[in-house]
Amino acid sequence: MKRSEYGWQLVIPHTFDKLENEITSVSVSQRGKTFIVGDKEGNIELKHLTSNRTIAKLSGRQKKIIDIIFAPKADGALVLYSDGIIERFTIDPGHPEVTLHTIFGKVWYEGYAKPEFVWQSTGGSDDFEPKLSLIPLIAGTFKGTFYALLFAIPIALLGALYTSVFVHPKIKKVIKPTVEIMAALPSVVIGFLAGLWLAPMLERILPGVILIFVISPFTMLLGVYLWRKIPKLFGVKFKQGYEVLVLVPLLILGGQIALWLGPYFETYVLSGDYRAWLLNYFNESYDQRNAIVVGFAMGFAVIPIIFTICEDALSSVPKHLTSGSLALGANRWQTAVRVVLPTASPGIFSAIMIGFGRAIGETMIVLMATGNTPIMDFSPFNGFRTLSANIAVEIPEAPYHGTLYRVLFLSAALLFILTFIINTIAEIVRQRLRKKYMDI
Amino acid sequence: MKELIKKGELFIWLTGLGLGVSIIMIAGLLFLVFINSTDFYYPSAIAKIKKEDNSYLLGQIFQTEDVPQASLPDSLKPTIYSRNQIKIGNRDIYGFDFAWVDEREIDSITYPKNAIAIERTEYGNFYGFLESIKIDGERKYSSNEEIESIIHSIVSEVSGIREKDK
């Protein structure tokens, strides 16, 4: 049955293989979605509704079957034949709800309008139909990784380039360990802060936070302007490589201005309430625990890793290359982009891949800062559930050696395979890049 | 401007922006942890808030947030109000710990010196004034000076008993 505009409507969600003869009896399990059918010639078949498959064919007395009683735990059946004899079968159905199709394919579940990918492993009632599709979890894993890297890669790469090529050595000594402190933070602390402090706050100030992205390039331009004007006005001299010391206070100031302008932006541009505005114009609802929060929080885990490895790769570019480039008349930026970056590209690439690996396997931040809703939606304004968080959420509740328990192990294996494939590809690419730039 | 782009100076600043953001992130996080922990050692003063309708609230101002006009249906101008969350405690009397009060509802805020907050083992914090202290229904201290002199010795005596209990 599914709900239509006229109320409930009968549909044909599953079609099973035919039995050889006319069916005379059907008996349904009280727990789970297994059922037994028997036909006129005494063929008995055990079938499972969700997975659409025949689990077993029982061969009994080959007489017409009058009635079948399915044991309450689905572990046995009593069959009454037309000659008055009752036969008892012991059944071990195993894990009938799991097939490749129920795990990776669309399944038409009870009460659903159409076949869908759904993860919902447990329910309140005995006749609950477990929905064990791993596709929403895989999608969630990639969604989380995508938003984390979208935020982390640019910041880490730009920061590493600046630290290794442009910054003054005196600042570099302080900055590199500072950024590396980030990596020392336990992810449960980051997850806690993201879930309990950042998420509720972001919900209040989101328009201001969006304004930060608009305003910070302008604060950068203001920094450039001040950098060139102040020495002329006051006669002080700035050394090259100290730009970041001007930028940080300006960025904080710009952020403050953006947050201060946020409510006005919301009132005048976003018609007073950004959530209503999002729903109105983009048909997106805003959840408090969402991909933006996770993307930002995962930045704390991913940025320092990418930054450090990248910085090491960029710093180990031979000095004679950069000096040569500068001596030939290229400016600082040209040297950085045309000489340093390509030479360090294998290292940068592996930095990104290691960051990717960290993001894909990250559990605690995702667990605490998303709503863990296994949905298939790539909007940044709602949550998701990753494979790793799913294992952490469900393993305490999964019956030992039950179906869910095994599916969770399968998802762990899948996570391993995913990272294995990605790391292998990354290693191949890295080797090629290395070969290409080895001669220099 | 053109010259800046040509020389790549602007892009260098862009890379500096990346580094600046990551530094602000880590410094901000440490700052956040620091600020939230000092809150514990230096609690805010107890405020007595007189509302426009002549009712009073006593408690600590817990947080303040700006509310845009759209969520306040009775206002016509697009204005932003600030709204305070007050920890009023006394859950055994009111049934809830917090009250919300809009800035425009407030007539005046004073910080009475003799208001006290007591952390209790049950029903959360108590906020109020000490009128008098009775011990075994007999000895009574009701003037400010008497209370001032006796309260600290009572508190340390009681916490001494608690320590022994452990």
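## Overall dimensions of chain A

Chain A has a radius of gyration of 30 Å, whereas a compact globule of 440 residues would have one near 22 Å. The model is predicted. The C-alpha trace of chain A spans about 110 × 60 × 30 Å along its principal axes. Chain A contains 12 helices and 11 strands.

## Helix packing in chain A

Two packed helices are described by the angle between their axes and the distance between the axes. For H9(A) (332-361) and H12(A) (residues 403-437), the axes come within 8 Å and cross at roughly 175°. Angles over 145 degrees count as roughly antiparallel, so H9(A) is roughly antiparallel to H12(A). On the H9(A) side the contact includes Pro342(A), Pro346(A), Phe349(A), Met353(A), Phe356(A) and Ile360(A). Among the residues that H12(A) contributes are Leu415(A), Leu418(A), Ile422(A), Ala426(A), Val429(A) and Leu433(A), along with Arg430(A) and Arg434(A). By class, the residues of the contact of H9(A) with H12(A) are 13 nonpolar, 7 polar and 2 charged.

H9(A) also packs with H2(A) (135-166). The axes of H2(A) and H9(A) come within 9 Å and cross at roughly 145°, and the crossing is right-handed. From H2(A), the residues that meet H9(A) include Thr141(A), Ala148(A), Leu149(A), Ile153(A), Leu161(A) and Phe166(A). H9(A) supplies Arg332(A), Ala336(A), Val340(A), Ile352(A), Gly355(A), Phe356(A), Ala359(A) and Ile360(A). The contact of H2(A) with H9(A) divides into 13 nonpolar, 3 polar and 1 charged residues. Phe356(A) and Ile360(A) of H9(A) take part in the contact with H12(A) and in the contact with H2(A).

## Sheet in chain A

Strands of a sheet pair through backbone hydrogen bonds, either parallel or antiparallel. In chain A, 4 strands form an open sheet with antiparallel pairing, in the order E3-E4-E5-E6. The edge strands are E3(A) (23-28) and E6(A) (53-59); each has a single partner strand, so one side of each is left without a neighbour in the sheet. Ignoring direction, neighbouring strands of this sheet are turned by 20° against each other on average.

Within the sheet, E4(A) (residues 34-39) and E5(A) (residues 43-48) run antiparallel and are joined by 5 bridges. Gly38(A) stands opposite Ile44(A) of E5(A).

## Sheet and hairpin in chain B

Chain B has an open sheet of 5 strands, paired antiparallel in the order E4-E3-E2-E1-E5. E4(B) (98-102) and E5(B) (106-110) stand at the edges with a single partner strand each, so one side of each is left without a neighbour in the sheet. From one strand to the next the twist averages 40°. E1(B) (residues 46-51) and E5(B) run antiparallel and are joined by 4 bridges, with Lys50(B) opposite Ser108(B) of E5(B).

E6(B) (residues 115-119) and E7(B) (residues 125-129) pair in the antiparallel sense over 5 bridges. Ile118(B) has Phe126(B) of E7(B) as its bridge partner. The two strands E6(B) and E7(B) form a hairpin with 5 residues between them, and Tyr123(B) in the turn has a positive phi of about 65°.

## Interface between chains A and B

At the interface, 39 residues of chain A are in contact with 28 residues of chain B. On the chain A side, the elements giving two or more residues are H2(A), H3(A), H4(A), H5(A), H7(A) and H9(A). H5(A) (243-268) provides the largest share, 10 residues. The chain A side divides into 24 nonpolar, 10 polar and 5 charged residues.

Conventions
Residues numbered from 1 in each chain as written. Chains lettered and ligands numbered in written order. Predicted model: local features only at pLDDT ≥ 70, side-chain atom pairs only at ≥ 80, totals over all residues. Contact = placed C-beta atoms within 7 Å. Nonpolar A, V, L, I, M, F, W, Y, C, P; charged D, E, K, R; others polar. Axes fitted to C-alpha atoms, helices over the stretch in contact; angles between N-to-C directions. Parallel < 35°, antiparallel > 145°, perpendicular 65-115°, else oblique. Left-handed = near helix turned anticlockwise from the far one by under 90°. Pairing = 2+ DSSP bridges. Rg over C-alpha atoms; globule rule 2.2 N^0.38 Å.
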